[in-house]
Amino acid sequence: MGNFKVNQKDIFFILKEQLNYGALCDLDRYKDLNEKTLDMLVNEAISFAKGVVDPLQEVGEESGIKFENGKVSMPSEFKKAFKQCGENGWIGVDLDEEYGGQAFPSLMTIVKNDLLYGACQGFNSAPGLTRGAAHLIESFAIKDLQERFVPKMLDGTWSGTMCLTESDAGSNLADIVTTACREEDHFKIKGTKIFISWGDHDMTDNIIHLVLARIEGAPKGVKGISLFIVPKNRLTANGNIEGPNDVLCGSTEEKLGIHASPTCTLNFGTRDDCVGYLCGEENKGLAHMFQMMNAARINTGVAALGTASSAYQNAVSYTKERLQGRDIARRKEGSVPIIDHPDVRRMLLWMKAVVDGMRSMVYSGMYWADLSKSLPEGEEREHYLNLTEFMTPIIKSYCSDMGFRVCETAMQCYGGYGYCREYPQEQYLRDIKILSLYEGTNGIQSMDLMGRKMSMKGGAPFYAFKKEIQTFCENHKEHSGLGDKVLALSGVMSKVCEGAEELRKIMASDPLQWASYTFPALMALSETIIVWRLLDMAIIAYENSLKNGRKYDFYRGKVMQATYFTDITLPNILAAIQSCLRPGREIVDIPDNAF
């Protein structure tokens, strides 16, 4: 029996009562679906996570990967699970049916990933990357390449990666030196990529790499980068594997966590015989890749949510069973479950609020993303597109940062046992840490949010976010039970927005000072969103929370987590945004030698 735990009532509350996700089926894009079908998919994903993916968490930690003679081998259980992922349609849940997708809303992929990442973070990045690579090919490659690669990626026969990073070009992709030399209908690729997740393995017969490279003679910088499809093994004209394509794994990284997720150095064209195919337009590679990168950023946040959720649920279960200490108020005789101790309850309530708030934020963000793709052209669709733009760096950064803190707090609930491998918390803590580093560190995400997202289209993404919360506050400020909390949110929200606007002005006049405070500003905006989502759930749950009976405890929990988190968080948000505007320049001016 594995350690994955989930409260499906929490998931369905957000999907059904908060978002009314069945309404997506009213859109032309999803008119052949209905809410029962969406419910069935969620329940099947829970079963798949528990029955197939959960056991991989322990298997991967014990067996890990093996790297010998330039090849990575995986535990047999991983191979079987990846094959099932493809056969059961989990790789292409939201992609078009033409190549084997299931054409569900994007929200359903996120719900599925929440569950599968919670069961085994290391494994689920493989189908996630494959889905992203297949969608890139589907979106930008010529028809022949789409037909050649996408079906076998979606059915799990082949897998996919994205290859961006080089030793001297990490977050600054303008400096990549991998080259592409034109030869008839293809290119010869030459260069080395590092930190490539699932860059090599034996779970599939082929691995389809999406590689950023520079065509000879292309402009310098990001305007000269193109995107290429580079299979590990070459194909014949009829799509069968012909032989190696001069793609070699030079090494794998020894990492703190996710030990069964191979992180590889890949050498392309060591023998000058690596064939790649242009995907999309020449010199537009980075723009094309951003589709996959943005999806990967969202999924990084989802991975953190899923892992943190399982860590929290395990902590709840443990604290109800572990007997230790006496009741401080002498309500009970003898040793009591540690969930009776106020400090443990404080930790549990904080984790409950953060996890539920993150899940609501992530699911809401993807619901809005579906609206941005599926509504008719017009003002409403543009609003949700802007909102999605604003939410992407927040989902990635806040969930990965706070997810780590949830795992840390869950470990604390166990006392010394939490530090031991006998329990799952130490692995959750190790595994989740990578997520604040993936896909552009959280500091980089904060500069994207407080810079480009605050300024693009005249600030439209920021104003879309502002409108959503202001509308909520206006609609519920007189709520009989929660109106005072809504008014408190409204007041802090005004200060946060004023601070964000002021920080945007500083960007132009003093970019170093601006960059010193973008991260705390991102966190202030993020926490404001979490308070909003929690209060929204609390208002929905409020009437049921007043009823008697244990079956209504669930709704009381929604209200109490919201009131608690609102009261302890709003003062901190206010202090954080005020600190972002302080005139002190210590961060910029302290001498290097003083550190």
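Me: Which residues does Leu19 touch, not counting residues up to four places away in sequence?
Reply: In this predicted model, Leu19 touches Ile14, Tyr363, Ser364, Tyr367 and Arg533, leaving out residues up to four places away in sequence.

Me: And how far apart along the chain are Leu19 and Arg533?
Reply: Leu19 and Arg533 are 514 residues apart along the chain, and their C-alpha atoms are separated by 11 Å.

Me: Where does Leu19 lie?
Reply: Leu19 lies in a loop, with helix H1 (8-18) on one side and helix H2 (35-63) on the other.

Me: Is Leu19 buried or exposed?
Reply: Leu19 is buried, because its relative accessible area is 9%, and buried means under 20%.

Me: Let's step back. How many helices and strands are there in the protein chain?
Reply: The protein chain has 17 helices and 14 strands. Its radius of gyration is 24 Å, close to the 25 Å that the globule rule gives for 595 residues, so the chain is as compact as a globular protein of that length.

Me: What box do the C-alpha atoms fill?
Reply: Taken along the principal axes, the box is roughly 75 × 60 × 55 Å.

Me: How much of the chain counts as buried?
Reply: Of the 595 residues, 58% count as buried. As for contacts between residues at least 6 apart in sequence, 74% join residues at least 24 apart.

Me: Now strand E3. How many of its residues are buried?
Reply: Six of the six residues of E3 (residues 158-163) are buried, so the strand is largely enclosed by the rest of the structure.

Me: Which residues point which way from E3?
Reply: Trp158, Gly160 and Met162 point one way, while Ser159, Thr161 and Cys163 point the other way. Residues on both sides are buried.

Me: In what sense do E3 and E6 pair, parallel or antiparallel?
Reply: E3 and strand E6 (residues 206-215) pair in the parallel sense, over six bridges. Met162 has Leu210 as its bridge partner in E6.

Me: What about E12, which strands pair with it?
Reply: Strand E5 (residues 186-197) pairs with E12 (residues 275-278) in the antiparallel sense over two bridges. Strand E7 (residues 226-231) also pairs with E12 in the antiparallel sense, again over two bridges.

Me: Which residues in E12 are the bridge partners of Lys188 and Phe228?
Reply: Val275 is the bridge partner of Lys188, and Leu278 is the bridge partner of Phe228.

Me: Change of topic: cavities. How many of 30 Å³ or more does the structure hold?
Reply: There are four cavities of 30 Å³ or more.

Me: What lines the largest cavity?
Reply: The lining has 15 residues, and Gly122, Ile258, His259, Ala260 and Gln427 lie nearest the centre of the cavity. The elements giving two or more residues to this lining are H2, helix H5 (121-140) and helix H10 (425-432).

Me: Which element gives the largest share of that lining?
Reply: H2 does, with four residues.

Me: How do the lining residues divide into nonpolar, polar and charged?
Reply: The lining of the largest cavity has six nonpolar, seven polar and two charged residues.

Me: Last one. Where is Thr300 found, and is Thr300 buried or exposed?
Reply: Thr300 is found in helix H7 (residues 285-321). Thr300 is buried, with a relative accessible area of 4%.

Me: What does Thr300 touch?
Reply: Not counting residues up to four places away in sequence, Thr300 touches Lys396, Leu435, Tyr438 and Glu439.

Notes
Residues numbered from 1 in each chain as written. Predicted model: local features only at pLDDT ≥ 70, side-chain atom pairs only at ≥ 80, totals over all residues. Heavy atoms only, no water. Buried < 20%, exposed > 50% of the residue type's maximum accessible area, 1.4 Å probe, protein only. Contact = heavy atoms within 4.5 Å. Pairing = 2+ DSSP bridges. 1 Å grid on protein atoms, 1.4 Å probe; cavity = no way out; pocket = protein on both sides within 12 Å on 5 of 7 lines; lining within 4 Å. Points joined across faces, edges and corners; volume = space filled by probe spheres on them. Nonpolar A, V, L, I, M, F, W, Y, C, P; charged D, E, K, R; others polar. Rg over C-alpha atoms; globule rule 2.2 N^0.38 Å.
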